[in-house]
Amino acid sequence: MFHPATLLLAWAGFAFALPALPLRVLAGLLVLVLILALWLARPRALALWRRARWLLLSIAVLFAFATPGLLVPGLPGRLGVTIDGLQLAGEHIGRLLLLLTSLALLHERLGTRGLVSGLYWLLGPLSRWPGLRERIVVRLMLVVEFVENDRRGAWRDWLEERQDAGPAQLPLEVRTARWHDRVAMLALACALAVLAW
């Protein structure tokens, strides 16, 4: 079993490589990841899609109406919708959905504490500044816990809460990376360097 930091780094590498994927590969991956998410992480994936719905709609509208190209026949074309814009909107929405859905699968696999533990390990170089790594991780954990337990409209209650509201302690499980984690991270770093080159 891999360390959470290894899986988090693999997801970050996937996110970095996502814009370079050809359209056919993107479509195949999207179908596969959507099926896996609906099977293994349905509530988490649905909640993430619901939270991103306005962003997805904005991308669709902006690309459909603002991209020059061949007009769509009929009323949409008279309104300014282009075929090129629809294609670009579909591609960008597909990439964003793939990114969000793969994150939902990773979150389901690791849990909030696993994600935060992996991030804590990856932020190891910041340990020379006392308390910085811990503050980043604690703030992230609080945000994720709040979002996970959020009810519709609960943000209004949150704004009215006192400053001292919240847990007094946040336990963090920190594991050491083993040799196979270090080999996997080195391979991922090399692959990312090749992609960036």
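Residues are numbered from 1 along each chain as its sequence is written, and side-chain values use heavy atoms, with hydrogens and water left out. The pLDDT, which is the predictor's confidence in each residue on a scale from 0 to 100, has a mean of 83 over the protein chain, with 86% of the residues reaching 70 or more. Where pLDDT is low, the predicted coordinates should not be read in detail.

The secondary structure of the protein chain consists of nine helices and zero strands, where helices (H or I, at least four residues) and strands (E, at least two) are DSSP runs numbered from the N terminus. Of the contacts (heavy atoms within 4.5 Å) in the chain with a separation of 6 or more, 70% are between residues 24 or more positions apart. Of the 197 residues, 31% are buried; here buried means under 20% relative accessible area, exposed over 50%, and partly exposed in between, with a 1.4 Å probe and protein chains only.

A nonpolar core is taken as a set of buried Ala, Val, Leu, Ile, Met, Phe, Trp, Tyr and Cys residues joined through side-chain atoms within 4.5 Å. The largest such core holds 19 residues, of which Leu56, Leu97 and Leu98 touch the most other members. Two or more residues of this core come from each of helix 2 (23–40), helix 3 (42–51), helix 4 and helix 6 (83–122), and helix 6 gives the largest share, seven residues. Leucine 97, when its neighbours within four places in sequence are left aside, is in contact with Leu30, Trp49 and Leu56. Apart from this core lies another, of five residues, among them Val116, Tyr120, Leu123 and Val137.

On the surface, Trp54, Leu57, Val61, Phe65, Leu75 and Leu79 form a nonpolar patch with about 640 Å² of accessible area together. Patches are made of residues with over 30% relative accessible area and no salt bridge, like charges being joined within 9 Å and nonpolar side chains (Val, Leu, Ile, Met, Phe, Trp, Tyr) within 5 Å; accessible areas come from the Shrake-Rupley method with a 1.4 Å probe, and for residues only the protein chains shown count as cover. Helix 4 (residues 53–66) gives the largest share of the patch, four residues. Leucine 57 lies in helix 4 and is partly exposed, with a relative accessible area of 45%.

Two salt bridges are present in the structure, each being a side-chain nitrogen of Lys or Arg within 4 Å of a carboxyl oxygen of Asp or Glu. In one, the side chains of glutamate 108 and arginine 44 meet at 3.0 Å, N to O, and this pair links distant parts of the chain, with glutamate 108 in helix 6 and arginine 44 in helix 3, 64 residues apart. Glutamate 108 is partly exposed, at 37% relative accessibility. Glutamate 91 forms a salt bridge with arginine 95, with the closest N and O atoms 2.8 Å apart, and both residues lie in helix 6, four residues apart, about one turn of the helix. Glutamate 91 is partly exposed, at 23% relative accessible area, whereas arginine 95 is buried, at 12%.

Key:
Predicted model: local features only at pLDDT ≥ 70, side-chain atom pairs only at ≥ 80, totals over all residues.
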